[in-house]
Amino acid sequence: MAVIGEPKLQFKELDRLLRRAKALLEKQGLDRGCGFATCPATDSAAFDKILSDALIFLTERFYHEEELMRSFTADPLLRNHIDRHKEDHAELSSELLAIVLNLQKHALKELVFRFQRLFGTSLDNHRRNYDAVLDQWLAEITPEKSGVLPK
């Protein structure tokens with residue numbers, strides 16, 4: 001069984017990243033036509049830092065969750081849910097990668113909106129549809145570890 005414990009980065013990190021993205025978007029609202037390459041260097045660097053932190057968060061968080069899921073792979077009834085959970089990790093990671101790869105092609109405002117949708121709605125749906133179930137499984141096998149995955 002995998003070691004059950006708190007991940008290095010908590011979901012409160014999402015709130016911090018989203019606040020930074022929102023502040024950047026509000027600042028960019030004054031200059032709607034600004035592409036990433038033509039934005040003030042401070043704005044480009046700020047969004048680059050947000051993306052870097054997001055990549056670290058997703059990588060560490062998803063690694064932690066997949067380590068936990070390995071504990072349940074022996075149960076064939078859970079296999080389908082685990083596979084879908086991992087597929088959702090891949091889709092979320094792919095969207096973040098697409099944002100990074102489009103830095104030079106799209107306006108900063110569009111990319112920040114995509115980032116906010118990813119780290120807001122999409123990740124909230126992931127947490128509700130997959131992480132809540134994983135947390136329930138963990139609570140069933142180790143009641144004292146209930147709540148390992150932040151709500």
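**Entry 1: helices α3 and α4**

I began with how α3 and α4 run relative to each other, and found that they are roughly antiparallel, a term for angles over 145 degrees, where under 35 counts as roughly parallel, 65 to 115 as roughly perpendicular and the rest as oblique. Helix α3 covers residues 76-101, and it packs against α4 at an angle of about 165° with the two axes 10 Å apart. I noted that axes here are lines fitted to C-alpha atoms, for helices over the stretch in contact, and that angles run from 0 to 180 degrees between N-to-C directions.

**Entry 2: what I am looking at**

I wrote down that this is a predicted model, in which local features need pLDDT of at least 70 and side-chain atom pairs count only at pLDDT 80 or more, while totals for chains, interfaces and linings use all residues. Residues are numbered from 1 along each chain as its sequence is written, and side-chain values use heavy atoms, with hydrogens and water left out.

**Entry 3: the whole chain**

I counted 4 helices and 0 strands in the protein chain, with the order α-α-α-α from the N terminus on; helices (H or I, at least four residues) and strands (E, at least two) are DSSP runs, numbered from the N terminus. Of the 151 residues in the protein chain, 44% are buried, where buried means under 20% relative accessible area, exposed over 50% and partly exposed in between, with a 1.4 Å probe and protein chains only. Among the contacts with a separation of 6 or more, 75% come from residues 24 or more positions apart, a contact being heavy atoms within 4.5 Å.

**Entry 4: aromatic rings**

I looked for aromatic pairs and found 2 of them, using the rule that rings of Phe, Tyr and Trp (its six-membered ring) pair if their centres lie within 6.5 Å, with planes under 30 degrees apart counted as stacked, over 60 as edge-to-face and the rest as tilted. Phe115 and Phe119 form a stacked pair, with 4.7 Å centre to centre and 15° between the planes. These two residues, Phe115 and Phe119, are 4 residues apart in helix α4 and are therefore separated by about one helical turn. Phe57 and Phe119 are both buried, and Phe115 is buried as well, and I recorded that Phe57, Phe115 and Phe119 form one aromatic cluster.

**Entry 5: single residues**

His89 sits in helix α3 and counts as buried at 2% relative accessibility. Leaving out residues up to four places away in sequence, I listed Phe62, Glu65, Glu66, Met69 and His126 as the residues that His89 touches.

Asp53, in helix α2, is also buried, with a relative accessible area of 12%. With the exclusion of residues up to four places away in sequence, Asp53 touches Arg16, Leu17 and Arg20, and the C-alpha atoms of Asp53 and Leu17 are separated by 7.7 Å although the two are 36 residues apart along the chain.

Ser44 is found in helix α2 and is buried at a relative accessible area of 14%; its C-alpha atom is separated by 9.2 Å from that of Leu103, 59 residues apart along the chain.

Thr59 has its place in helix α2 too, but I noted it as exposed, with a relative accessible area of 53%. The C-alpha atoms of Thr59 and Ser93, 34 residues apart along the chain, are separated by 8.3 Å.
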